[in-house]
Amino acid sequence: MSWARIGLLIGAFVLTVGSHAWATTYYVATTGNDTTGTGAVGAPWRSIQKGVTNAACGDTVTVADGTYTAADGNGSGATSIAVYIRSNANPDLDSANCTAGNPVTVRSTNANGAVVTMPSVTNTGNRGFRITRAGWIIEGFRITGGTISTGASLAYSGVYVDTGGDSVTIRNNKIDNVGRTVCSNSVNGFAGIFARNMTGFTAEDNTLNAIGRLRNGESGCSTSIFQHDHAIYLGGGDTNTVIRRNVIWDSNRGYAIQTFGGTSTNLTIVNNTFSGKSPTGEPSGHVRLASTIVTATVKNNLCDDPDTDGCFNTGNPAGTFSNVAIQYNMSSHSDADLLVYAGASGVTASNNTASATLGFVNAGANDYTLSATTDADNAGVDVGLPYNGSAPDIGAFETFAFASCVVEDGDANTLRVT
């Protein structure tokens, strides 16, 4: 029997309209050249920045294995940002403004093979990707880094999406070790993904771990700052945000997901897996809802080893809620009453359960796929994602049984399960 995340493999021939009659694929590689290259497969560019400032809506920028950072001379005028997708009066620095139906896709050729390293400069905004243009997909990268400790306002973000970044999707990326060697007293938080003031943002199928600076006493660090660094941070002003099927562990210098400030409208947080806390300085739960939230679906999330306030924290300070449903989530905490903290007004909390048998394949090795013994099997509720069995599983992974598969010679030559 095999257990895996259900994936969907779609083959498509794409005809786009707009600035290009046909979609174009551009190539970036560490062996390329931004001056003499053309972006063709045999003459790639050197920097991702060159790709994102030349791509039109519907195009794909595919990035070969290797390490990429602002030190490559991306010409963005912002040495603290490795890849800057933005509007600029200089056409050589301007990126396309697209739509969800006709986006630009920036993709690592091999999963996590292309590594985007955050610059480390004395600046308030050291980013891997910063996006303020609409209709972009960032897919398959490893995003990491941030090592400098100087600067009173120092902050790091793997991906930063701000005003103008509508219909942006961050998918299948590995975001890890963001600022993990930094000793800083800055109140500016670190984040794997930071997003605010946008419509239609999606973060899906990512893994995020080891997010945030050193704690007081860790590796000799002296600091009074803790619980400021989050895996996914929503800063408000967002509408129709979807956070689904992400796996987050060791982000306990802050929350796995934090909403704070402004208003989030039509927020969806479903089928994520959260794990881990620290002996000292741990956050009060995995998800903290501390903003104004108007309509939210928070379902089918799996919380391994949260702190004493349970998986979700809707207080301290309390947010303001209307039509927020926190349902069908599961926690390893022994007291199901602590799954949702504070009993906030405007929140419907039901069918949340505690279980000592979350049944991960190997949590010690950070393998949070579900085993045959999990209580999360068929314990969720339909939220519009594909599932196997009588009901969806809780968490980021869906289990299914594979009895047999025969592919005859000369028949289909590819079988892919992700």
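Me: How many bridges join strand β19 to strand β21, and do the two run parallel or antiparallel?

Reply: Strands of a sheet pair through backbone hydrogen bonds, in either a parallel or an antiparallel sense. In this predicted model, β19 (residues 247-249) and β21 (residues 273-275) run parallel and are joined by 3 bridges. Within that pairing, I248 stands opposite F274 of β21.

Me: In what order do the strands of the open sheet follow one another?

Reply: The open sheet is formed by 10 strands in the order β3-β6-β9-β12-β15-β19-β21-β23-β26-β29, with parallel pairing. Its edges are β3 (66-68) and β29 (353-354); each has a single partner strand, so one side of each is left without a neighbour in the sheet. As a general point for reading such a sheet, the side chains of a regular strand alternate between the two faces.

Me: In which sense do β30 and β31 pair, and over how many bridges?

Reply: Pairing may also take the antiparallel form. Strand β30 (residues 360-362) and strand β31 (residues 367-370) pair in the antiparallel sense over 2 bridges. The bridge partner of N362 is D367 in β31. This hairpin has 4 residues between its strands, and N366 takes a positive phi near 60°.

Me: How many disulfides does the structure hold, and how are they to be read?

Reply: The structure holds 3 disulfides. If the bonded cysteines are counted along the chain, the pattern is 1-2, 3-4, 5-6.

Me: Which parts of the chain does the disulfide of C57 and C98 link?

Reply: C57 and C98 are joined with an S to S distance of 2.1 Å. The pair links distant parts of the chain, 41 residues apart: C57 is in the loop between α1 (48-52) and β2 (60-63), and C98 is in the loop between β4 and β5. The angle about the S-S bond is -90°, and the link is left-handed. Both C57 and C98 are buried.

Me: What is the handedness of the link between C183 and C221?

Reply: The link of C183 and C221 is right-handed, with 85° about the S-S bond. The sulfur atoms of C183 and C221 are 2.1 Å apart.

Me: Why does C183 count as partly exposed, and why does C221 count as buried?

Reply: The reasoning rests on a cut-off: a residue is buried if its relative accessible area is under 20%, and partly exposed between that value and 50%. C183 counts as partly exposed because its relative accessibility is 25%. C221 counts as buried because its relative accessibility is 5%.

Me: What is the S to S distance in the disulfide of C303 and C311?

Reply: The S to S distance between C303 and C311 is 1.6 Å. C303 is buried, at 0% relative accessibility, and C311 is also buried, with a relative accessible area of 0%.

Me: Where is S87 found, and which residues does S87 touch?

Reply: S87 is found in the loop between β4 (81-85) and β5 (104-108). Leaving aside residues up to four places away in sequence, S87 touches D94, T132 and R133. S87 and T132 are 45 residues apart in sequence, and their C-alpha atoms are 7.4 Å apart in space. At 48% relative accessibility, S87 counts as partly exposed.

Me: How many residues line the second largest pocket, and which of them lie nearest its centre?

Reply: Rolling a probe the size of a water molecule over the atoms shows where empty space is left. The second largest pocket holds about 330 Å³ of space. It is lined by 19 residues, and V187, N188, G189, F194 and Y233 lie nearest its centre. By class, the lining has 8 nonpolar, 8 polar and 3 charged residues.

Me: Which strands each supply at least two residues of that lining?

Reply: For the second largest pocket, the strands that each supply at least two lining residues are β10 (156-161), β13 (191-195), β16 (230-234) and β20 (257-270).

Methods:
Residues are numbered from 1 along each chain as its sequence is written. This is a predicted model: local features need pLDDT of at least 70, side-chain atom pairs count only at pLDDT 80 or more; totals for chains, interfaces and linings use all residues. Side-chain values use heavy atoms; hydrogens and water are left out. On a 1 Å grid over the protein atoms alone, a cavity is a set of points where a 1.4 Å probe fits but cannot get out, and a pocket is an open set with protein on both sides within 12 Å along at least five of seven lines; lining residues have an atom within 4 Å of a point. Grid points are joined across faces, edges and corners, and a volume is the space filled by probe spheres set on the points. Ala, Val, Leu, Ile, Met, Phe, Trp, Tyr, Cys and Pro count as nonpolar, Asp, Glu, Lys and Arg as charged, and the others, Gly among them, as polar. Two strands pair if DSSP finds at least two bridges between them. Buried means under 20% relative accessible area, exposed over 50%, partly exposed in between (1.4 Å probe, protein chains only). Contact means heavy atoms within 4.5 Å. A disulfide is a pair of cysteine sulfur atoms within 2.5 Å.
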